[in-house]
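Work through the exercises below with the sequence and model at hand. Each task is followed by its solution.

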Amino acid sequence: MRFALAGNPNCGKTTLFNLLTGSTAHVGNWPGVTVDRREGVYKGTPRSGVSQKIEIIDLPGIYSLSPYTPEEVIARDYILEDGPDLVINIVDSTNLERNLYLTTQIMESDIPVVVALNMTDVLRKNGGSVDARELSERLGAPVVSISALRSEGIDELMRTAAEAAGKPRNGSSIIENSCMGDAVRDIARLFRERGLTNPVFRAVKAIEGNIPRGEADLAGEIEDIKGRIELGEVFEDDFEAAAADARYGGITEKFRGVVTLLPGARGMSVSDRIDRVLTHKLLGLPIFFIFMYFVFHLTFAEPLLFTDLVTDGGVPSPGVMMQGWMGSFTEWARGAVGGAMESAGASAWAKGLVADGVFAGVGSVLSFLPQILMLFLFLSIMEDSGYMARAAFLMDRPLRRFGLSGKAFLPLLMGFGCSVPAMMGTRTLDDEKERRLTIMLMPFFSCGAKLPIWAMFGAAVFPGSAGNAVFAIYAIGIAAAVVTSIILRKTILRGAASVFIMELPAYHLPRPLNLLIHLWEKTRGFVIRATTIIAGATVVIWCLSNFNFSLDMVEPNSPGSIVGVLGRLAVPIFIPLGFASTPEAWKAVVAIVTGLIAKEMVVSTLGVLYNPEVEGDALEDETASGALAAALVASFSPASALSFMTFNLLSVPCMAAVASANGEMRNARWIWGTIAFWLLTAWCGAFIVFHAARLLGF
Amino acid sequence: MRKCLNEFTPGETGTVVRVAGAGAGKGLQRQRLFDMGITPGAEITMRKAAPLGDPMEITIRGYELSVRKVEVEAVLMECGEK
């Protein structure tokens, strides 16, 4: 049997799902869209007395079954077309009126329904009460009081559900009691004669203006029936408004007395008091920025604020510390595998491919894992506590000008840390276009891996004003984001920022179990990608940089290697950008190409190419980086250095980010288009920066 | 007195008279407003505006909702003198 869980966002659906399925849940995407699809098998207890195998499908959190957002379409299609054996509708009893709005829509289908009345304990604590038996009688469906948080009433819920699943049910509509009642019954009769499933549900939708696919020939008859409805002066012929009004009106009427709220119970709750501070007219934004500063500080800073005053060199932040451990671990694994292969008599190229190619590549990507975990921990806490909605509330106004809504602010800010978790964070956006736009803008927010490039060029080419040069790069990135966002919003992603009609849920303490499950789901996807797509890409890249066209092994990234040859072929493309007109220019171009794989590789590659005789990696070794700095001063003017930096800033960030963007967009045309967009923006941006810098006399 | 919801000041309460005009591309926005409970007869209290003046927070049917001012220009309200 299959049971679907349906309910409003924030009604405790996820908690109930986790409770029912335990560790058996698995998460994927609904086909074609990036909305989480969670499925699991009910883990029964002896006390529930349920012996059948029951699959639980967690539908997206929705307010209505109107077909406007992808989430609503998914939930509606699943209930109507896939026909689960039962729908468990979770209802937040502290917000009964709006939650029952969805319930009355689900009741219009023919699928058996059980209502799980959640959070009755909270309602009681606030001095209210709800009569579950009375609600069940008036609704015409079983109602079970539960507390998902305290796992109370779950056995009874499942026992009731298993019983109800076997009993056929006919849909009924609360709108049948309104002036549209006759029309609903007449149209439902038409649909029933055609053998359509869920006739009542479809009849209500037909009155609202959505005639089922394949039944267009009934349109005339439906119009006739609708013509007989007298909506009155307020609505004229606005059936959508009339239906919504009849639904809310019917709920107020039908369930009067079922729930009692103390007047003003929500008037000045703890949540309101917290909110007064966090969204305060003057304090709101500063508090938010200070909070974000600490999130980033704990994830990326080394050393941690003030600790360098106490100890020599200070204490790195937890994120950096864990990244160090992860790095040592992957480095150790790489060495161990290399050593094992050598003693087993493997050839040099095989050892190079596995140890320096796959293990180094996957290792460098996996070393981001601790910081991704940290960022997502904070993000989950913000989401679970209700602060995320307030952050969007605070930031909506400034972002709207650029075609983004407040919800896009957080992912973009995370982009300064690492594009990979930031792109995964775009899932909190409702609108597909806005999600794509946010992902496309992500590289322009200079990530941590690009910092060594800025530091190297800043110190070498801009002595005395390195800070200004690095600041200019960050500013160029933000300017590029603003300009391209406005352009994209006027062209391929036409439209304004999505609607912002958003619930501000009451604050509550985050639940550790939910946080853990959330983190696990995010990281699992990342690890799978790192070990499949990225491992594959690294093998290809390693071969290109270690072999020449006759497939003999050469010095990595040397002029004779495939990458070196291709890099030299690509030089003409970069001549207008100012840094490719010297004979040594191909080195910079090869560094750009390897930078497409991972931005950490730019400085290493420059080091190898400009000073092949110097031992050590320019990224870590001081002699090597000193030698590189001297070489850079000889090859770059300030203007061409800025141009080179701009190109690296705006182009494809790294393979891990491409894999993440691909995971979020799930559309080959879009991902290739996005890669082209990044490269094009990088070229144009570097061109503008170079010529502007020259005009300014650099 | 009648005015639109976007003109409300913090603390002001009123009743929805109607949600006007189904203009082009406004279908989603209108349906959202209905789904969230902004239908004729519903009582709405404006709580506060965001620090930069927009969006605004309202209380409707016992919960808090954030809306942009331009999204509720079409919501006509009746606010009686208390």
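This is a predicted model: local features need pLDDT of at least 70, side-chain atom pairs count only at pLDDT 80 or more; totals for chains, interfaces and linings use all residues.

**Exercise 1. Describe the fold of chain A.**

Start with contacts, meaning heavy atoms within 4.5 Å. Of the contacts in chain A with a separation of 6 or more, 69% link residues 24 or more positions apart. Next, burial: 54% of the 698 residues in chain A are buried (under 20% relative accessible area, 1.4 Å probe, protein chains only).

Residues are numbered from 1 along each chain as its sequence is written, chains are lettered from A in the order in which they are written, and side-chain values use heavy atoms, without hydrogens and water.

**Exercise 2. Characterise the interface of chain A and chain B.**

First, extent: 42 residues of chain A contact 35 residues of chain B. Second, charge pairs: the rule finds 6 salt bridges across the interface (a side-chain nitrogen of Lys or Arg within 4 Å of a carboxyl oxygen of Asp or Glu). One of them joins E72(A) to R32(B), with the closest N and O atoms 2.8 Å apart. Third, composition: the chain A side that touches chain B divides into 18 nonpolar, 10 polar and 14 charged residues.

**Exercise 3. Find the strand pairing between the chains.**

Look at β10(A): 2 bridges join this strand to β5 (residues 63-67) of chain B, and the two run antiparallel. Now locate a partner: M502(A) bridges to S66(B).

Definitions and conventions: Ala, Val, Leu, Ile, Met, Phe, Trp, Tyr, Cys and Pro count as nonpolar, Asp, Glu, Lys and Arg as charged, and the others, Gly among them, as polar. Two strands pair if DSSP finds at least two bridges between them. Helices (H or I, at least four residues) and strands (E, at least two) are DSSP runs, numbered from the N terminus. Buried means under 20% relative accessible area, exposed over 50%, partly exposed in between (1.4 Å probe, protein chains only).
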